[in-house]
Amino acid sequence: MTAPILSIRDLRVSFATPDGPVEAVKGIDLDLAAGEALAVVGESGSGKSQLMMAAMGLLAKNGTARGSARYRGEELIGLPARRLNRVRGAKITMIFQEPMTSLDPLQPVGRQIAETLRVHSHLSARAARRRTVELLDLVRLKDPERRVSAYPHELSGGQRQRVMIAMALANEPDILIADEPTTALDVTIQAEILALIADLRTRLGMAILFITHDLQIVRAFCERVMVMRDGRVMEEGDVATIFTAPREDYTRMLLAAEPEGTKPTAPPAPPILRAENVGVHFAIGRGAQLAAVDGVSLTLSPGETVGIVGESGSGKSTLARALLNLLPATGEVRFRDTPITGLSRRQMRPYRHALQMVFQDPYGALSPRLTVGEIVAEGLTVHAPELGAAERRARAVAALAEVGLDGAMARRFPHEFSGGQRQRIAIARAIVLKPAALVLDEPTSALDRSVQKQVLALLLALQAAHNLAYVFISHDLAVIRAVADRVMVMKDGRVVEEGPTARIFEAPATGYTRELIAAAFDLSAILAARQSNPNARGSASTIAGT
Amino acid sequence: MLGYALRRLAGAVPTIFVVITAAFFLMRIAPGGPFDQERTLEGQVMENLNAAFGLSDPLWRQYLTYLGNLLQGDMGPSFIYRDFTVGTLLKAGLPVSVTLGSLALLLAFLVGGALGVVAALRQNSAVDHLVVTVATFGITVPNFVVAPVLSLVFGVWLDVLPAGGWQTGHLAPMVLPVVTLALPQVAVVARLIRGAMLEALTSDHVRTARAYGLPARLVVGVHALRAALLPVVSYLGPAAAALLTGSVVVESIFGIPGIGRYFVQGALNRDYTLVMGTVVVVAVFIVVFNLVVDLLYAVIDPRVRYD
């Protein structure tokens with residue numbers, strides 16, 4: 001290995017909190033060679049982001065960094081902002097996870113790129129603008145002349161991330177730090193963005209430090225990987241070795257956390273939920289309507305899971321709400337033999353206990369002012385008013401036990417629980433009412449992979465124990481493959497393809513499904529194909545249409 | 001945007017109509033009338049006066065007559081300031097009140113804005129605590145306390161500024177009333193900017209600006225401050241309304257010939273037409289000002305579209 005251009009020694013980060021100092025990074029060593037791609041992998045809370053924030057002088061106000069981070073021999077830790085500003089944005093640049101909020105919403109994107117050019121490369125306004133257009137073209141944003149004056153909200157998530165990349169490349173950096181750059185994007189867009197970064201890396205010869213939780217990406221993209229946990233390095237080595245012969249249990253656990261296996265097929269049974277030609281239309285001004293869901297039909301039997309998969313904006317969550325009569329829809333939904341479409345809230349109430357829902361965000365879905373016991377028991381006060389308080393409490397504790405939580409936790413408040421535990425609480429709140437069907441809207445998408453695996457196992461066990469029917473919505477094909485009997489692929493409010501899980505994944509009938517599957521399971525092949533011919537726009541991009 | 005502005009103005013017509021109607025009948029519910037004095041007038045004189053000013057008509061007819069005249073731009077004669085129409089009085093008073101109000105608004109935004117930004121940049125420092133304390137003080141102390149105190153200190157004891165009065169075109173008499181009127185708004189604006197700025201400074205896009213090595217003047221002055229201005233711009237509407245109410249007190253105490261004064265005197269004297277005229281002018285002003293604020297908002301924030 002040549003001499004590293006970035007060399008971190010015994011870096012420690014701590015945050016002052018009301019409960020005393022919290023150490024987020026506990027002494028990390030890291031070397032990055034010129035032109036190298038290094039992945040820093042870890043679950044949430046591992047300190048992987050704070051490590052680089054500290055090196056770049058971007059810690060929150062209550063954070064302090066100790067130790068050393070040298071860029072080409074210059075110590076960055078403790079460097080005054082004025083000197084640090086000569087390095088960051090010019091020699092070391094960053095792409096962040098949140099394409100929605102990382103750009104200034106009040107400034108045209110071209111101006112934001114030009115600003116860094118004027119500050120670091122001292123270009124004139126005109127030269128900076130010309131270079132900005134070139135950069136937008138380099139990151140393959142269509143119509144760059146026009147896009148320079150676009151505001152962030154006028155661009156899609158993928159387009160914004162391209163703008164961020166253009167900004168990162170503007171001053172020809174030595175090091176690009178990519179902090180979960182594709183986590184918020186759809187899989188097909190993710191494949192495109194990664195292909196773009198990989199291609200630019202070979203053309204411009206910069207080093208890349210890739211911070212991610214996604215091992216798929218690591219394998220497809222990086223040469224070396226560092227596994228972090230609780231602010232420490234667990235294991236470090238080249239990608240091939242770590243994937244084939246991991247030394248640490250933790251690494252093995254991460255590798256095994258990818259969802260796998262398939263659900264045993266449910267025995268045939270008469271359907272309990274039947275949707276015919278469901279449509280949801282939103283008015284979008286001037287009398288125009290947007291068909292968020294258009295002519296979708298579906299049946300659901302006890303013990304069965306229908307997986308609904310699609311990218312953002314495909315209408316899958318809207319369909320879920322329409323199935324439960326949570327928003328006005330056309331068409332007909334029958335629960336057992338009762339048509340429930342169009343029932344008023346009062347008329348709907350007798351059926352609510354049988355049709356429950358679990359939401360994506362375990363932080364927003366639980367009232368912060370109620371104890372966990374109260375949250376789980378609340379539905380019983382409506383649906384089983386004949387029960388006494390003691391009986392309700394007992395049932396809540398039983399439901400908590402069923403999702404693997406100690407009944408003593410019933411007195412605590414949601415903020416005392418981790419994301420995975422909160423999602424268990426949300427599931428307990430649904431099953432305490434003894435539902436016949438559960439609609440699960442991205443129930444594991446906000447969780448770490450290892451936690452996701454446990455929650456999926458719990459859901460499968462509950463289904464087997466109570467013969468529950470699931471509508472399982474996810475953007476993650478690996479999850480859908482592991483849990484569903486049948487799969488519906490949605491795009492733009494319509495069903496593109498549906499069928500038994502094995503058939504969809506082994507022999508997808510439509511091009512769109514093939515793209516999704518390739519982008520989700522075969523990232524390496526896509527990147528390899530793109531890199532050998534970077535100008536060929538792969539079929540995935542025709543779908544994404546960024 | 002023009003279409004939006006016109007539609008908003010058309011939408012304001014019912015609002016103003018409701019305001020006029022409510023004010024008209026509320027005024028009449030109040031006991032007494034414009035010609036009640038300590039020494040009661042003779043019955044015949046009273047009747048003549050009432051007849052001359054149309055007060056002997058049934059109330060509904062008076063109401064309709066008033067609306068009709070108003071539509072033609074006639075706000076009627078003042079009952080108390082004989083020989084003056086309400087239109088003349090307001091025309092004389094309005095420029096004074098508008099000068100007073102806009103200077104106070106300007107002062108509030110400049111001083112309040114500067115204080116708020118400094119406090120946010122030095123969060124939890126002595127400067128920050130000082131600003132927050134002074135701001136709380138500014139909000140809690142009412143202007144009918146501030147006005148006489150300022151007048152006493154600077155006008156009488158120190159004798160550096162006029163204690164009251166107004167001379168169009170002269171700056172010195174404006175200082176104390178403008179400061180008095182601006183003070184609570186300085187406090188509110190400082191607190192608003194401080195909060196918005198603290199939020200903006202920790203936002204993702206400001207982190208991006210820092211990560212890209214932009215100098216502090218760009219990070220704070222362009223990226224953070226512009227975002228922090230948005231809530232303050234939306235406060236402009238309520239601020240203008242607050243200034244109008246404040247001017248009633250301030251104009252009375254400093255003896256300024258603005259329209260705020262007419263509000264108080266008109267109400268006390270049961271000068272029906274004068275109060276009505278003031279109400280109409282103030283209501284129209286607030287509606288138009290809020291429209292301007294909303295349009296301004298769209299100029300600053302490209303995400304806001306009116307069509």
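Buried means under 20% relative accessible area, exposed over 50%, and partly exposed in between, using a 1.4 Å probe and protein chains only. By that rule A:Glu311 is buried, with a relative accessible area of 10%. The model is predicted, so local features need pLDDT of at least 70 and side-chain atom pairs count only at pLDDT 80 or more, while totals for chains, interfaces and linings use all residues. Residues are numbered from 1 along each chain as its sequence is written, chains are lettered from A in the order in which they are written, and side-chain values use heavy atoms, with hydrogens and water left out.

**Around A:Glu311**

- A:Glu311 lies in the loop between β13 (305-310) and α11 (316-323) of chain A; helices (H or I, at least four residues) and strands (E, at least two) are DSSP runs, numbered from the N terminus.
- Not counting residues up to four places away in sequence, A:Glu311 touches A:Asp186, A:Val187, A:Thr188, A:Lys316, A:Met490, A:Tyr512 and A:Leu516, where contact means heavy atoms within 4.5 Å.
- Its side chain makes a polar contact of 2.7 Å with the side chain of A:Thr188, and another of 3.3 Å with that of A:Tyr512.
- A polar contact is a pair of N or O atoms within 3.5 Å; within protein, one must be able to donate a hydrogen and the other to accept it, and residues adjacent in sequence count only if both atoms are side-chain atoms.

**Nonpolar cores**

- A nonpolar core is a set of buried Ala, Val, Leu, Ile, Met, Phe, Trp, Tyr and Cys residues joined through side-chain atoms within 4.5 Å.
- The largest one has 149 residues, of which A:Leu30, A:Leu51 and A:Phe221 touch the most other members.
- Helix α7 (residues 187-204) of chain A gives this core its largest share, 10 residues.
- Leaving aside neighbours within four places in sequence, A:Leu51 is in contact with A:Ile8, A:Leu11, A:Val25, A:Ile28, A:Leu30, A:Met226 and A:Met228.
- A second, separate core of 48 residues includes B:Ala120, B:Leu176, B:Leu214 and B:Ala240.

**Interface of chain B and chain A**

- The contact takes in 25 residues of chain B and 30 residues of chain A.
- About 2300 Å² is buried between the two chains, 58% of it on carbon and sulfur atoms; buried area is the accessible area (1.4 Å probe) that two parts lose on being put together, summed over both.
- One salt bridge is counted between the chains, the term meaning a side-chain nitrogen of Lys or Arg within 4 Å of a carboxyl oxygen of Asp or Glu.
- A:Glu98 forms a salt bridge with B:Arg207, with the closest N and O atoms 3.2 Å apart.
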